[in-house]
Amino acid sequence: MYGIALRERPDDWSVLQQRDGMAKAHLSGSFSVHPAALQVGVEQVTPCYRVMREEDNLPVIPWTPMMAVQLADSVHFCGSFETEIALPVGGPFRIETTLLTKSTQQSLTWLYRGDVSLHLLVGDVFVIAGQSNSAGHAWDTCPDPPHLCVHVFRNRCRWDLATHPLNDSTDAGSPPNEEMGIPGISPYLSFGKKYYALTGHPVGLIQTALGGSAIAQWNPETGPLYQNMLERIRLTGQKPAGVLWYQGCNDTDNGETEQYLSDFQALVLHLRRDLGYPIPIFTMQLNRQIGGGSDLGWAKIREAQRRAAAAIPDVHILTTTNLPLSDSLHNSAAANLVLGEKLAMQAARYLAGAQVPDFTPPEFESAALLSGEALAERRLEGIWLMLRFRHVSSWFVLYSQRGEESGFTLEDAEGEIPILTIRADVQDRNHIFLRLQRKPQKNSVLSFCWQADPVRFPLVDAVTYLPPVSFYQVPILDAEGLEK
């Protein structure tokens, strides 16, 4: 071997996590001169690198001498080196190396061959975690081709161009997140492409999700999936920009709001402590299950997800109950494409300041019975409950004004109160109005899209087309019927 032999270098297809628009790549290795050059005569050798932009073969960094060069043999001109390269956001890049060799004969030099690193990106790395809708279990079709600026760290522990299925286990042995079946299309290739389009930051995905996994398998102390997630992050050597978490279906059969909330809080707390920084978590509230499932169990897990996003700093939530399915439980391929793009807009706005609408879904804030004066002002008759929401971009779109198709359930000590009509007003964008069959009593509670298979067409924000965050039995009225 002569020229440059790299011992340490970024693996091909690697994604390096940027900080303030830059990332560092470490190179180390050895160098030696070709015997033919020694016969002619060698005066000086200089190990060098350069960084090339692969799309047009232009140098991003021209030939630059390595740092920390040690000449081990001044007769044979061989030795070692190590250096650190500062790379800008972008790519794909190629790092080339060469041994610049000056002959004892005037004006005679050689650029000897050197090892290279190919298809490198500098951008934002995200961890994929959760269960089947995160691992990718949409088995129908939609156009979602690969993109050169979206890569994945596969279960074989190597970076690669991101293509579906992201959670395949080829050449991986038996990792804890190995799928028993054949995974399909996930939301995250779409996420990566949209995030790159919005921010100019290429995307790296570390896949650690497993279909069917319960939150107990992500327990920081005993869960194999948690330990596997930490190990995968460690193997990449990166500090990811965020975690993409979609999980909870497996916990709906015996789930409890407080237990799931406690388990999720422990997961977030330990992960941030183990990584050494407050990594943002981007979560998705459960969609639905058709033809089965416990309504109460789904209600409690969705409620826990709502509370987690409200209580834990840097935990963000996205709603999914208006997305179609590919079977009784899993989002369709087209739904995952849309979900990925909306998640990308949420993350890009938060992490990179992208100029996009706020994709925080509407959240219920308060409720109040309208008084006679308020009824007259709005030209309403009967018993009306006014609901106030935050994070409404413009106004609400209603697919139906029929109360039974509103997605809301109102209860008090006497039982469920039938909702006759639902109304929205473009002039009063933060509010929804429910006409009731009877006046609610004290200790009234309100729920929205809480069942295993809730209303198929919930109201949505007119800009983001996100339905409000689902909630379950939130107290709304005190004894006097005032705003709670």
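## Salt bridges

A salt bridge is counted here when a side-chain nitrogen of Lys or Arg lies within 4 Å of a carboxyl oxygen of Asp or Glu. The model is predicted: local features need pLDDT of at least 70, side-chain atom pairs count only at pLDDT 80 or more, and totals for chains, interfaces and linings use all residues. Residues are numbered from 1 along each chain as its sequence is written, and side-chain values use heavy atoms, with hydrogens and water left out.

The structure holds 26 salt bridges. One of them joins Arg50 and Glu96, whose closest N and O atoms are 2.7 Å apart. This pair links distant parts of the chain, with Arg50 in strand β4 and Glu96 in strand β8, 46 residues apart. Strands, like helices, are DSSP runs numbered from the N terminus (strands: E, at least two residues; helices: H or I, at least four). Arg50 is partly exposed, with a relative accessible area of 23%, whereas Glu96 is buried at 13%. For these classes, buried means under 20% relative accessible area, exposed means over 50%, and partly exposed is in between (1.4 Å probe, protein chains only).

A salt bridge also forms between Lys24 and Glu84, with 3.8 Å between the closest N and O atoms. Lys24 lies in strand β3 (residues 22-32) and Glu84 in strand β7 (residues 78-88), so the pair ties together parts that are 60 residues apart in sequence. Lys24 is exposed, with a relative accessible area of 63%; Glu84 is partly exposed, with 40%. The side chains of Glu404 and Arg402 meet at 2.5 Å, N to O, in another salt bridge. Here Glu404 is exposed at 55% relative accessible area and Arg402 is partly exposed at 47%. Arg154, Arg156, Asp160 and Asp168 are linked in a network of salt bridges.

## Strand β4 and its partners

Two strands are taken to pair if DSSP finds at least two bridges between them. Strand β4 (residues 42-53) pairs with strand β8 (residues 90-103) in the antiparallel sense, over eleven bridges. Within this pairing, Arg50 has Glu96 in β8 as its bridge partner, and the side chains of Arg50 and Glu96 also form the salt bridge described above.

Strand β4 also runs antiparallel to strand β5 (residues 58-65), to which five bridges join it. The bridge partner of Tyr49 in β5 is Thr64. The hairpin of β4 and β5 has four residues between the strands, and Asn57 in this hairpin takes a positive phi near 65°.

## The four-stranded sheet

An open sheet is formed by four strands in the order β17-β18-β23-β22, with antiparallel pairing. β17 (363-369) and β22 (419-424) stand at the edges with a single partner strand each, so one side of each has no neighbour in the sheet. From one strand to the next the twist averages 25°, where axes are lines fitted to C-alpha atoms (for helices, over the stretch in contact) and angles run from 0 to 180 degrees between N-to-C directions.

β17 and strand β18 (residues 383-390) run antiparallel and are joined by six bridges. Ser366 has Arg388 in β18 as its bridge partner. The loop between α7 (333-352) and β17 contains Thr360, which counts as partly exposed at 22% relative accessibility. Thr360 and Thr319 are 41 residues apart in sequence, and their C-alpha atoms are 8.9 Å apart in space.

## Cysteines

A search of the whole structure finds zero disulfides, a disulfide being a pair of cysteine sulfur atoms within 2.5 Å. For Cys48, which is in no disulfide, the nearest cysteine sulfur is that of Cys78, 17 Å away. Cys48 is buried, with a relative accessible area of 5%. Cys149 is buried as well, with a relative accessible area of 4%.

## Nonpolar surface patch

Trp63, Leu100 and Leu111 make a nonpolar surface patch of about 270 Å². Patches are made of residues with over 30% relative accessible area and no salt bridge; like charges are joined within 9 Å, and nonpolar side chains (Val, Leu, Ile, Met, Phe, Trp, Tyr) within 5 Å. Accessible areas come from the Shrake-Rupley method with a 1.4 Å probe, and for residues only the protein chains shown count as cover. Leu111 lies in strand β9 (residues 109-112) and counts as exposed, at 56% relative accessibility.
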